[in-house]
Amino acid sequence: EHAFMRVFRALKHFRKLEKEKARGTAREYRILRVPSTFVVPSGEDSGWPEDLWDLQLGAKCSAIRQKQLYVKNNPERRRALEELGFQWSGNATLGWLEVIH
């Protein structure tokens, strides 16, 4: 439970930061797209809570998609991720325009 909650909190924070970046632009932020290589930055000025520093969030997202990590036989967790906008298919299935923008 603790491991899932750590990843879930990191995803919520990632989403918040992405929404702030998108604010004032034409881009609407609906889908949570974490790059597979994304690692939570560390340091006081990173903008991230210290207990999340160095979390390999991109790798965790890939494992959730491919191996059902944390969500297998747990529909509540799956639903919670979907409410955040978690993308169940990887970036390879996106249209080329979405990847460029």
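**Notebook: a predicted helical protein**

I started with His 13, which sits in helix H1. Helices (H or I, at least four residues) and strands (E, at least two) are DSSP runs, numbered from the N terminus. Residues are numbered from 1 along each chain as its sequence is written, and side-chain values use heavy atoms, with hydrogens and water left out.

**His 13, continued**

Is His 13 buried or exposed? I found it buried, because its relative accessible area is 13%. The cut-offs are these: buried means under 20% relative accessible area, exposed over 50%, and partly exposed in between (1.4 Å probe, protein chains only). Then I looked up what His 13 touches. Leaving aside neighbours within four places in sequence, His 13 is in contact with Gly 47, Trp 48 and Pro 49. Contact here means heavy atoms within 4.5 Å.

**The whole chain**

The average pLDDT is 86, and 82% of the residues score at least 70. pLDDT is the predictor's confidence in each residue, from 0 to 100. Residues 93–101 fall below 50, and this stretch has five contacts in the model beyond near neighbours in sequence. Where pLDDT is low, the predicted coordinates should not be read in detail.

Next I listed the parts. The protein has four helices and zero strands, so along the sequence I read α-α-α-α. Of the 101 residues, 37% are buried. I also looked at contacts between residues at least 6 apart in sequence, and 49% of these join residues at least 24 apart.

**H1 against H2**

How do H1 and H2 lie relative to each other? Their axes come within 11 Å and cross at roughly 115 degrees. Axes are lines fitted to C-alpha atoms, for helices over the stretch in contact, and angles run from 0 to 180 degrees between N-to-C directions. H1 and H2 are therefore roughly perpendicular. For the wording: angles under 35 degrees count as roughly parallel, over 145 as roughly antiparallel, 65 to 115 as roughly perpendicular and the rest as oblique.

Which residues meet there? From H1 I noted Val 7, Ala 10, Leu 11 and Phe 14, and facing them in H2 are Leu 57, Lys 60, Cys 61 and Ile 64. I sorted this contact into seven nonpolar residues, no polar and one charged. In this sorting, Ala, Val, Leu, Ile, Met, Phe, Trp, Tyr, Cys and Pro count as nonpolar, Asp, Glu, Lys and Arg as charged, and the others, Gly among them, as polar.

**H1 against H3**

Here the axes come within 10 Å and cross at roughly 10 degrees, which means that H1 is roughly parallel to H3. On the H1 side, the contact uses Phe 4, Phe 8, Leu 11, Lys 12 and Arg 15; on the H3 side, Arg 77, Ala 80, Leu 81 and Leu 84. This one divides into six nonpolar, no polar and three charged residues.

**Inside H2**

I looked up what is buried in H2 and got Leu 57, Gly 58, Cys 61, Ser 62, Ala 63, Ile 64 and Arg 65. The buried residues of H2 pack against H1 and H3. I took a second look at Ala 63, which is buried with a relative accessible area of 17%. Ala 63 and Ser 36 are 27 residues apart in sequence, yet their C-alpha atoms are 9.9 Å apart in space. Outside four places in sequence, Ala 63 is in contact with Gln 68 and Leu 69.

**Arg 78 in H3**

Arg 78 belongs to helix H3 and is partly exposed, at 29% relative accessible area. Not counting residues up to four places away in sequence, Arg 78 touches Gln 68, Val 71 and Trp 88.

**Positive phi angles**

Asp 54 is not a glycine, but its phi is near 70 degrees. Asp 54 lies in the loop between H1 (2–22) and H2 (57–67), and it is exposed at 52% relative accessibility. Asn 73 has a positive phi of about 60 degrees, again without being a glycine. I placed Asn 73 in the loop between H2 and H3 (75–84), where it is exposed at 75%. Just after H2, Gln 68 also takes a positive phi of about 60 degrees.

Note on methods:
This is a predicted model: local features need pLDDT of at least 70, side-chain atom pairs count only at pLDDT 80 or more; totals for chains, interfaces and linings use all residues.
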